[in-house]
Amino acid sequence: SLDNHVTPEGVVATVVYIMQAVFVSSHNWRYQSQLDRDRFCHQLLSLCYSILQRGRSDSDNTLQNLLHQFVVNLLLHSSGHLLLVNVLGTGVNTIDKLIASAISWTHTAVSVESLKISFEITDLLLQNKPSESITPLEQALATRTIHHPTLSFSSSLTSTQHLITELAMYIYHHDDPAVPVGATKLLARLAAVAPMSMFSCLGQEAVALRDCFVTRLS
């Protein structure tokens, strides 16, 4: 664990290794089950969030500041952002199906918590971005499309949604208020910093999403 004020050199080295050698490539690993994948992903995201949440120290704790800056740069500029983007694109339908099936509450809770942490991490990364240049993370958020299987006799058919639409559609989730709140906060951050038209990303879902947002707010 990380102390509140002092991060020992040994812990820093361990965290750097985990972030550089594990976090960046873990989304390509093979796991025994989906639950194992989701649990491991949640542990990595929790570690990352604990570092970013502390922010930079105003004191002379240079190890904490260096570790914070290292994680920010790694997730903004390397392939480490892919794990974040994959979790963000889980989709409201997948989350709701997990909750409705109630096969494993542990699996459902891990998936929902990972999604909420990913909202916070991405928001903190965009907030702490050191330069005005567009980063690979922002590029992925602006261009990534998510493919979901559709109900059809042909299992090869999929529907495609822009990642921004997937984020906006979390407004349809009702079981955990933190999910639509986290997604909306991230969308607000993206609208302020991302070089794209939010409306064009929403496409034909724009009107329905607008109506749902108004209904949830009223």
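## Ile 171 and its partners

Setting aside neighbours within four places in sequence, Ile 171 touches Pro 180, Leu 209, Cys 212, Phe 213 and Arg 216, where contact means heavy atoms within 4.5 Å. This is a predicted model, so local features need pLDDT of at least 70, side-chain atom pairs count only at pLDDT 80 or more, and totals for chains, interfaces and linings use all residues. Residues are numbered from 1 along each chain as its sequence is written, and side-chain values use heavy atoms, with hydrogens and water left out.

Ile 171 sits in the loop between α8 and α9 (178-193). Helices here are DSSP runs of H or I with at least four residues, strands are runs of E with at least two, and both are numbered from the N terminus. Ile 171 counts as buried because its relative accessibility is 7%; the cut-offs are under 20% relative accessible area for buried, over 50% for exposed, and partly exposed in between, using a 1.4 Å probe and protein chains only. From Ile 171 to Phe 213 is 42 residues in sequence, but 6.8 Å in space, C-alpha to C-alpha.

## Helix α11

Helix α11 (residues 206-217) has 12 residues and runs 17 Å from its first C-alpha to its last, close to the 16 Å expected at 1.5 Å a residue. That expected span is 1.5 Å times one less than the number of residues.

Which residues of α11 are buried? They are Ala 206, Leu 209 and Cys 212. They sit on the same side of α11 because they cover an arc of only 130° around the axis, taken from the directions from the helix axis to the C-beta atoms. An α-helix has 3.6 residues a turn, so residues three or four places apart point the same way. Cover for the buried residues of α11 includes α8 (163-168) and α10 (198-202). On the face turned away from the buried side are the exposed residues Arg 210, Val 214 and Thr 215.

## The core around Phe 119

The largest nonpolar core has 56 residues, and Leu 75, Phe 119, Ile 121, Leu 125 and Leu 167 have the most contacts inside it. Such a core is a set of buried Ala, Val, Leu, Ile, Met, Phe, Trp, Tyr and Cys residues joined through side-chain atoms within 4.5 Å. Helix α6 (residues 105-127) gives the largest share, eight residues.

Beyond its neighbours within four places in sequence, Phe 119 contacts Leu 88, Leu 167, Tyr 170, Val 179, Gly 182, Ala 183 and Leu 186.

## Overall

The protein has 11 helices and two strands, and 42% of its 218 residues are buried.
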